[in-house]
Amino acid sequence: MINAKASTIQPLDWFPKRFTPGDMDATGGERLLGRTELSPLEVLVRETAQNSWDARVKDSRPAFGVNLRRADFRLRAELGRLLPVAQRSTPIGPLALSSPFILEIFDRGTSGLDGPVTLRPVPGGAPRNFQDLILKVGVPRDDGKGGGTYGFGKTASYAFSSRGTVLFWSRCRNETGELEHRFIASAFRDSYIERGVQFTGRHWWGLREDETILPIIGRDARLLGQQLFERGFNDDETGTSMLIIEPDLSPESIGLDASESGTHPPDTADTAFEFASLTRAAIRQHLWPKLIPRSDEKLSPMGITLQVSGVDVSLVDDAQGAIGLWAAGLNAIRAVRQNSDTVVSTPQGLPVLVLPVTRYRQTLGHLAVVRRVPALEPPREDDDLDPSVNPKLSRIALMRGQAELVVSTVSWIEQSPLDGLDWLAVYKSADDWDAVYARAEPPAHDAWIANSGGEEGLVVKATRNKVISAIRESLYPEPDNSEAGQQPVHTGSLSRRFASMLPSRPETKAKLISASDGARRRRGKPPRSRHLEVGPSHLLATFEDGSQRQSIEFSVVNSETIAVVTIAVSVIGEEGVHEPLLPSDLDLSWHGAEKSGPAQALVAGDRPVSVEFTGTARRALRIDLSAEGQDGGP
């Protein structure tokens, strides 16, 4: 097939598969992916990255890369020789060479396409990655350990090629344990009829042996790969590279909004820019758990790179923005599950609340509630990972435990964030329940379906209800049904709401709040009064030393007598210890009420009142308001 001395590419033999009962063409393969709101580009990024993560070598940090570049005249000529015109006369049209781009996707630190290169039976747990990726359509796995349970990464890659054609170059360990290069080309398109014979639309190019096409192996495969691919193999690296021929870069394929794509065909520079922007967003939104290091590590779990037209595209900015909040939630869950003493806090220094989500006393997973104060760090308008900026992103991220890949973000809480306090949350299923959640996913792996039936549907419904309840209890004021139309706030909820009004000092990390910590606080002495209706807080001023002047609006409802309202403010320090602040340090000022003590005021019922105070600079505070009658009764 290849003249090794001259290192020139020679035509590969090809094998078009005839239709037999049970065969499938590309139309059936695309249907197996299911309906999804994701763009083909997002599906491609998710599926290929998931497959790469699943194939990682034990105790290694895998690499995953996406590289869009122009196909120059040399590469076009080599591809033309590899897949000659005589083998492109069928309706499949595997290579028209009309697109200026090719798309290379690779992984390293993975097992590569190992195992038999034919469909012969594979015993036990022996590797069969070549069979699964090249020779089969979809291979289910029901253990929940992998990010993709149906193995449709390659289906997505064929679908993203306007010619349905992909070249594969892999380096793996063969059956004797030696490193081996493998190269094969494949196409997956709609079925067609030629000379009265129906073909599946599946084609392979390689070494022909009877009615089978085998991959090029060894030195010849290495030479082919080095000539056609940009990312090679270093030292003892193993992995797989795919070259997607004539990638479909239409606005519909890459997910470009019709209003943004314009009415005139874009030039290649515009196309490359749009692809870079949307691929970056897809990687960040679906793979951010692989971009952020664990609390006790410097490197992220996966080395992910994006290169477009020879330019490296940064995936994480110096000013992290919302990805730092998502990371805090995930790392807090990791710490709880590892029984780690690692202190986890948000970039603003606020504690992360981690709660178990249970059903019949079994832990289905953990929920991390992450809070922030927008006044201290306003969201960036270009932050695609910020739910308050990106309308496509919701506030609760769902992921399976072992794979740690984002399934979707959901809006299970319809209430708007409270004034002065924003939040997001991460839910991570327990490892033992991964298989159940995996069975609740559609083939595109982009949702947990509550009406999927059986145990899976019940688990998803229970998860949703428990997550909603936990977030509402942690963040939102609790209604008191004392009078229809009134929704006063319990002082317990009020204190939880304002516990994160101001951040801790940068050098002081907040204590991770575990589920047991939160339970102990809730079992404490209940508030004496339930007659306060509290409105939003307002930031009045920020001073040079970092301290802030805040105002809290409230009223005493259903009170025919004068009530005594007391405010208590304390600093949340290390280990969750509260350090009370003296009223004289707060510079308290009451409006609409008569001051009656250092931290008290006399308040008439059913009238608007506010209290102003200045908090300690860059410290997380707990604020408690309580009301009682002048005689000391509630």
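What follows is a short chat about a tryptophan and a sheet in a predicted model.

Q: What should I know about the model before we start?
A: This is a predicted model, where local features need pLDDT of at least 70, side-chain atom pairs count only at pLDDT 80 or more, and totals for chains, interfaces and linings use all residues. Residues are numbered from 1 along each chain as its sequence is written, and side-chain values use heavy atoms, with hydrogens and water left out.

Q: Where is Trp-448?
A: Trp-448 sits in the loop between helix 11 (434-439) and helix 12 (454-475). Helices here are DSSP runs of H or I with at least four residues, strands are E runs of at least two, and both are numbered from the N terminus.

Q: Is Trp-448 buried or exposed?
A: Buried, at a relative accessible area of 9%. Buried means under 20%, with a 1.4 Å probe and protein chains only.

Q: What does the side chain of Trp-448 make a polar contact with?
A: The side chain of Glu-441, at 3.2 Å. A polar contact is a pair of N or O atoms within 3.5 Å; within protein, one must be able to donate a hydrogen and the other to accept it, and residues adjacent in sequence count only if both atoms are side-chain atoms.

Q: New topic. What is the strand order in the open sheet of four strands?
A: The order is 18-19-25-22, with antiparallel pairing. Two strands pair if DSSP finds at least two bridges between them.

Q: Which strands stand at the edges?
A: Strand 18 (532-542) and strand 22 (589-591). Each has a single partner strand, so one side of each lacks a neighbour in the sheet.

Q: How many bridges join strand 19 and strand 25?
A: Six, linking residues 548-556 with residues 609-614. Arg-549 has Thr-614 in strand 25 as its bridge partner.

Technical notes. Buried < 20%, exposed > 50% of the residue type's maximum accessible area, 1.4 Å probe, protein only.
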